[in-house]
Amino acid sequence: MPGQTMPRQIFLGMNERLFEILTSSFMKILVPGIKVTIPLTLLSFALSLVIGLFLALVQVANIKGIKELARFYIWIFRGTPLIVQLFIMFFGLPSIGITLNAFPAAVLAFGMNLGAYNAEVFRSAILAIPKGQMEAAYMIGLDYPRAMCRIVLPQSFPIAFPNLFNNLISLLKDTSLASSITVIELFTAAQQIAARTYEPFALYLEAAFIYLVFSTFLTWLQRWLEAKLVWRSKGYEEQNKDGRAKSMIG
């Protein structure tokens with residue numbers, strides 16, 4: 001019937017248009033994800049590891065004054081919204097004479113925020129190591145810094161690794177907030193295309209799919225690395241057992 005074919009043609013035309021938009025926009029969203037989102041994630045995470053480890057060591061060392069400053073830092077950055085911290089870095093600092101471009105401001109905000117969380121991960125992992133390890137290190141003549149670097153930290157890293165990697169995956173998704181300070185990353189590209197095509201639902205689903213692919217890859221990488229760490233730790237334990245057995249026989 002002529003009256004029935006008209007809606008069908010309109011529906012097919014809309015589907016063809018939507019398919020064309022999605023196929024043409026995929027690379028336009030993916031490329032900023034590879035060029036901006038991933039570097040932003042990795043640089044921010046590297047900064048957060050440095051900050052987190054420093055804050056954890058300061059707390060474990062129990063240095064008066066500095067420990068309280070570390071706890072204050074963690075309290076501030078864990079207790080305030082990440083998007084507010086982004087706005088302070090990019091829009092607030094220029095009012096006191098400090099101007100940062102959007103990308104460095106995002107790296108600084110994400111790194112400082114996640115550093116507060118990683119500090120607690122490192123601290124709990126270090127405290128999980130028996131105190132006898134440090135006492136044994138002192139017995140063989142190591143001072144505190146060398147004992148921490150050679151004995152405690154190598155053992156605490158496998159304990160902290162799963163939580164650290166989970167924080168990395170969360171950071172990857174949180175980088176979408178950088179669009180609020182004009183960083184042209186994955187989500188910003190999707191927003192720009194949606195504003196031109198008036199297809200926000202489909203394009204945001206496409207952006208979510210790309211985030212899902214990135215997160216899935218990191219999850220697989222995490223499992224593979226955890227398996228390697230477990231294998232190495234088992235080999236280390238077996239080597240220590242063999243060494244203790246030989247020393248007892250000898």
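**Close-up 1. Phe87 and Phe91, one helical turn apart in helix 3.** Phe87 and Phe91 sit four residues apart in helix 3 (residues 82-92), so about one helical turn separates them. Helices here are DSSP runs of H or I with at least four residues, strands are E runs of at least two, and both are numbered from the N terminus. This is a predicted model, in which local features need pLDDT of at least 70 and side-chain atom pairs count only at pLDDT 80 or more, while totals for chains, interfaces and linings use all residues. Residues are numbered from 1 along each chain as its sequence is written, and side-chain values use heavy atoms, with hydrogens and water left out.

Rings of Phe, Tyr and Trp (its six-membered ring) pair if their centres lie within 6.5 Å; planes under 30 degrees apart are stacked, over 60 edge-to-face, and the rest tilted. The count by this rule is seven aromatic pairs. One of them joins Phe87 and Phe91: a tilted pair, 5.1 Å centre to centre with 50 degrees between the planes. Phe87 is partly exposed at 36% relative accessibility, and Phe91 is partly exposed at 44%. (Buried is under 20% relative accessible area, exposed over 50%, partly exposed in between, with a 1.4 Å probe and protein chains only.)

**Close-up 2. Phe187 and Tyr204, a ring pair between helix 7 and helix 8.** Another tilted aromatic pair is Phe187 with Tyr204, at 5.6 Å centre to centre and 35 degrees between the planes. This one links distant parts of the chain, with Phe187 in helix 7 (residues 186-197) and Tyr204 in helix 8 (residues 200-249), 17 residues apart. Phe187 comes out partly exposed at 23% relative accessibility, and Tyr204 is partly exposed too, at 33%.

**Close-up 3. Helix 2 packed on helix 4.** Two packed helices are described by the angle between their axes and the distance between the axes. For helix 2 (residues 66-79) and helix 4 (residues 102-127), that's about 125 degrees, with the axes 8 Å apart. Axes are lines fitted to C-alpha atoms, for helices over the stretch in contact, and angles run from 0 to 180 degrees between N-to-C directions. Helix 2 and helix 4 are therefore oblique to each other (under 35 degrees is roughly parallel, over 145 roughly antiparallel, 65 to 115 roughly perpendicular, and the rest oblique). The contact (heavy atoms within 4.5 Å) brings Arg71, Tyr73, Ile74, Phe77 and Arg78 of helix 2 up against residues of helix 4 including Met112, Tyr117, Glu120 and Arg123. By type, the contact residues are seven nonpolar, one polar and four charged. Here Ala, Val, Leu, Ile, Met, Phe, Trp, Tyr, Cys and Pro count as nonpolar, Asp, Glu, Lys and Arg as charged, and the others, Gly among them, as polar.

**Close-up 4. Helix 4 crossing helix 6.** The axes of helix 4 and helix 6 (residues 144-174) come within 8 Å and cross at roughly 140 degrees. Helix 4 and helix 6 are therefore oblique to each other. Among the contact residues are Phe110, Leu114 and Tyr117 of helix 4, and Met148, Val152 and Asp174 of helix 6. The contact residues here split into 14 nonpolar, four polar and one charged.

Close-up 5. Asn62 isn't a glycine, yet its phi is positive, about 60 degrees. Asn62 belongs to the loop between helix 1 (2-61) and helix 2, and is partly exposed at 48% relative accessible area. Tyr198, also not a glycine, has a positive phi of about 60 degrees. Tyr198 lies in the loop between helix 7 and helix 8 and is exposed, with a relative accessible area of 70%.
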